[in-house]
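Student: Could you help me learn to read a protein model? I would like to start with pockets and then move on to aromatic rings.

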Amino acid sequence: GDVYKRQIPAIALSQELERNDFMHWNNHRKFTPETHSLVKARLSQYIPKVWKRFCGPKLGNRTTWNINFPLPKFAQSNIVETKVGQSYYENCFEQKGDMYEFALNDATIDDTVGTDDRTLKDGDISATLLDIRDFGGR
């Protein structure tokens, strides 16, 4: 109870999606029944393993475990501790009239072994420790 309240800054969970699945979600705020079933099956399988591994002693003050699940097409995935890759989007928004809307543009992906994006590409679960003290100095 109380020990976890003091220790848990966060465990952030994210699911990688195929572009068409993401666009469907973005436009309708729901998945297709097929995607919903597949994502639910995979997450039901892996979230308890992630929780068991990262909740408790592996959580420290000012840290977040950033957990990224690979595309649901991968039937078996291992949890791999990774580092943040140097992947980025050039622009996530496009102007339409006098407003800006979210636009899923192509990204520059860091494919280096040991990075979060490479691990996802290989079909494994990426677990990256983010320490707030590493952002902007200590």
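Tutor: Gladly! Keep in mind that this is a predicted model. The largest pocket is lined by 30 residues, and those nearest its centre are Glu16, Tyr89, Ile109, Asp117 and Leu120.

Student: Which elements give two or more residues to the lining of the largest pocket?

Tutor: They are β1 (10-15), α2, β2, β4 (88-89) and α4 (116-121). Of these, α4 provides the largest share, with five residues.

Student: Now the rings, please. How do I describe two of them together?

Tutor: A pair of aromatic rings is described by the distance of the centres and the angle of the planes. This structure holds two aromatic pairs. In one, the ring centres of phenylalanine 22 and tryptophan 25 are 6.0 Å apart and the planes meet at 40°, so the pair is tilted.

Student: Where do phenylalanine 22 and tryptophan 25 sit?

Tutor: Both belong to helix α2 (residues 19-28); they are three residues apart, so about one helical turn separates them. Tryptophan 25 has 29% relative accessibility and therefore counts as partly exposed. It also has a charged neighbour: arginine 29 lies over the face of tryptophan 25, at 4.2 Å from the ring centre.

Student: And what about the rings of phenylalanine 54 and tryptophan 65?

Tutor: Their centres are 4.4 Å apart with the planes at 45°, so this pair is tilted. Phenylalanine 54 lies in helix α3 (residues 33-54) and tryptophan 65 in strand β2 (residues 63-69), so the pair ties together parts that are 11 residues apart in sequence.

Student: Is phenylalanine 54 buried or exposed?

Tutor: Phenylalanine 54 counts as buried, at 0% relative accessibility. Tryptophan 65 counts as buried too, at 4%.

Student: How far apart are the C-alpha atoms of isoleucine 67 and aspartate 116?

Tutor: They are separated by 9.1 Å, while the two residues are 49 residues apart along the chain.

Notes
Residues are numbered from 1 along each chain as its sequence is written. This is a predicted model: local features need pLDDT of at least 70, side-chain atom pairs count only at pLDDT 80 or more; totals for chains, interfaces and linings use all residues. Side-chain values use heavy atoms; hydrogens and water are left out. Rings of Phe, Tyr and Trp (its six-membered ring) pair if their centres lie within 6.5 Å; planes under 30 degrees apart count as stacked, over 60 as edge-to-face and the rest as tilted. Helices (H or I, at least four residues) and strands (E, at least two) are DSSP runs, numbered from the N terminus. Buried means under 20% relative accessible area, exposed over 50%, partly exposed in between (1.4 Å probe, protein chains only). A charge sits over a ring if NZ of Lys or CZ of Arg is within 6 Å of the ring centre and within 35 degrees of the ring normal. On a 1 Å grid over the protein atoms alone, a cavity is a set of points where a 1.4 Å probe fits but cannot get out, and a pocket is an open set with protein on both sides within 12 Å along at least five of seven lines; lining residues have an atom within 4 Å of a point.
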